[in-house]
Amino acid sequence: MADWTQLPKELLELISKRLGTHYDVIRFRSVCSTWRSAVTAPNRCRNRFAPRFPLLPISSQFSLSKRSVFLLGSPTTSTQTNASSPSSWVIKIEEDPMNGRVQLLNPLSRSRFDSLPDNFPKPLNLLDFRVLELGEEYVLHYLTHHSVGNLYMEKVVLSCLDDNVNDFIILTIHVSGKLAMFKSSVKKWAIIQDMPSPFDDVILYKGNFYAVDNTGRTVVVGLDFETNLIAMPVFGGDKKFLVDSKGELLLVDMYLSIESEPGSSSSSAGFGFVEEYFENLALYMNERMVKFKVFKLDDAGKQWVEAKDLDDRVLFLGDGCTFSASIEDLSVCRGNCIIYVDNFFYSLGEEDGASEHCDVGVFDLESGSIGPLTKFPQFSELFWPPPLWISSTTASDAQINVGESA
């Protein structure tokens, strides 16, 4: 049997440089004392993005923070795990660059959890779990003398050049629907004029910026502000998402309908109060997701081809990021589903308390069924509350200090 402790230091250093996150490096160093001494401890500052930029679109200053979505797996096997406790947990974290404390957030939205269970470990030891980073998002914050707040609600993607955190490019969607790019080297924003139709989503895929408009027309955005068409439009749906699924770029087309809540009739109609009638009616109308279609990219034909199967993967559509995971990693028995933010189900006031998960819906691509997260127990258990095994942790240098929202 091979003695892994005797691997050459040079080889260990090469392996460590290919690890995706500083959490992976921490776990790599924890294997044995030889590996620990061969690899330098990760510098957490490399994962913090707090440089100052000119505000978009007015002149001011703001900072950029990174949030990571992790899948934590039970340290025991599925047969050993308590049957009443799921074996996987999906969580988003944001680290405060000032004090190093971590805030836990809803994986699919920008909301923080108001409180944590009494037995939740503080700090949380990552070496006790299987850890897989599923995705990441970036958030722009405006800075004042008294507070820091979210600046811009559109999706933001970032690319660091040559592994240098201070040399980077940001791509986002401007309020006009056009693309906006910021280069740290020139310290100013540029609006990209290519916009036959407003853009819906942007993504960093295999080191390049991709953007899709609300017709499905998809382009690669160059660092010279030029756009190159990679796929013709896909008409039909109401909102488009780009997802990296196991190294394959997917387009998800969301179809919406207008739903009227019970009791929404207005008695003011017919009495001349037309404006008031429509204002009241709008209060009771909701955009409801009714179905999704998924497409795979045909590079040669520059077109999106509809896919009927996700190869036992689950897609996640969040407010600030999209990602995917296999049913094996999630420890669920059902794939070919899309989990998404759905304010319709949230507005209906689902029981079970929980602003933490009631604004999420699930769509089954195979059957076409759709419903709130609470109707799909194997998926709802991935989110909140934390599983019981989270509380069984011990201290180590791989811990993160978890704080509650103020």
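A search of the whole structure, a predicted model, finds zero disulfides. Take Cys 337. The closest cysteine sulfur to its own is in Cys 333, at 10.0 Å. A disulfide needs two cysteine sulfurs within 2.5 Å, so this pair is too far apart for a bond. Cys 337 is buried, at 0% relative accessibility. Cys 321 is buried as well, at 3% relative accessibility.

**The five-stranded sheet**

Cys 337 brings us to strand β22, which spans residues 337–341. This strand belongs to an open sheet of five strands. The order is β21-β20-β22-β23-β24, and the pairing is mixed. At the edges are β21 (322–326) and β24 (370–372), each pairing on one side only. From one strand to the next, the twist averages 20 degrees.

How do β20 and β22 pair, parallel or antiparallel? Strand β20 (residues 313–317) and strand β22 run in the parallel sense, with four bridges between them. Within this pairing, Leu 315 has Ile 338 of β22 as its bridge partner.

Gly 371 sits in strand β24. Its relative accessible area is 5%, so it is buried. Val 360 is 11 residues away from Gly 371 in sequence. In space, the two C-alpha atoms are 8.9 Å apart.

**The β10–β11 hairpin**

Strands β10 and β11 run antiparallel and are joined by five bridges. Phe 182 stands opposite Trp 189 of β11. Four residues lie between the strands of this hairpin. Lys 187 takes a positive phi there, near 55 degrees.

Ser 184 is found in the loop between β10 (179–183) and β11 (188–192). Is Ser 184 buried or exposed? Ser 184 has a relative accessible area of 8%; the cut-off for buried is under 20%, so Ser 184 counts as buried. What does Ser 184 touch, leaving aside residues up to four places away in sequence? The contacts are Asn 166, Asp 167 and Phe 168. With Phe 168 there is also a polar approach: a polar atom of the Ser 184 side chain lies 2.9 Å from the backbone nitrogen of Phe 168.

**Salt bridges**

The count comes to 10 salt bridges.

| Glu 136 | Lys 66 | 3.2 Å |

Start with Glu 136 and Lys 66, which form a salt bridge. Glu 136 lies in β6 (residues 130–143) and Lys 66 in β2 (residues 61–73), so the pair ties together parts 70 residues apart in sequence. Glu 136 is partly exposed, at 34% relative accessibility. Lys 66 is buried, with a relative accessible area of 16%.

Glu 94 is in strand β3 (residues 88–95) and Arg 67 is in β2, so parts 27 residues apart in sequence are tied together. Glu 94 and Arg 67 are both buried. They also belong to a network of salt bridges that links Arg 67, Lys 92, Glu 94 and Glu 137.

Asp 253 is buried, with a relative accessible area of 0%. Lys 240 is buried at 0% relative accessibility.

Conventions: Residues numbered from 1 in each chain as written. Predicted model: local features only at pLDDT ≥ 70, side-chain atom pairs only at ≥ 80, totals over all residues. Heavy atoms only, no water. Pairing = 2+ DSSP bridges. Helix = DSSP H or I, 4+ residues; strand = E, 2+ residues; numbered from the N terminus. Axes fitted to C-alpha atoms, helices over the stretch in contact; angles between N-to-C directions. Buried < 20%, exposed > 50% of the residue type's maximum accessible area, 1.4 Å probe, protein only. Polar contact = N/O pair within 3.5 Å; in protein donor to acceptor, adjacent residues only side chain to side chain. Contact = heavy atoms within 4.5 Å. Salt bridge = Lys/Arg side-chain N within 4 Å of Asp/Glu carboxyl O.
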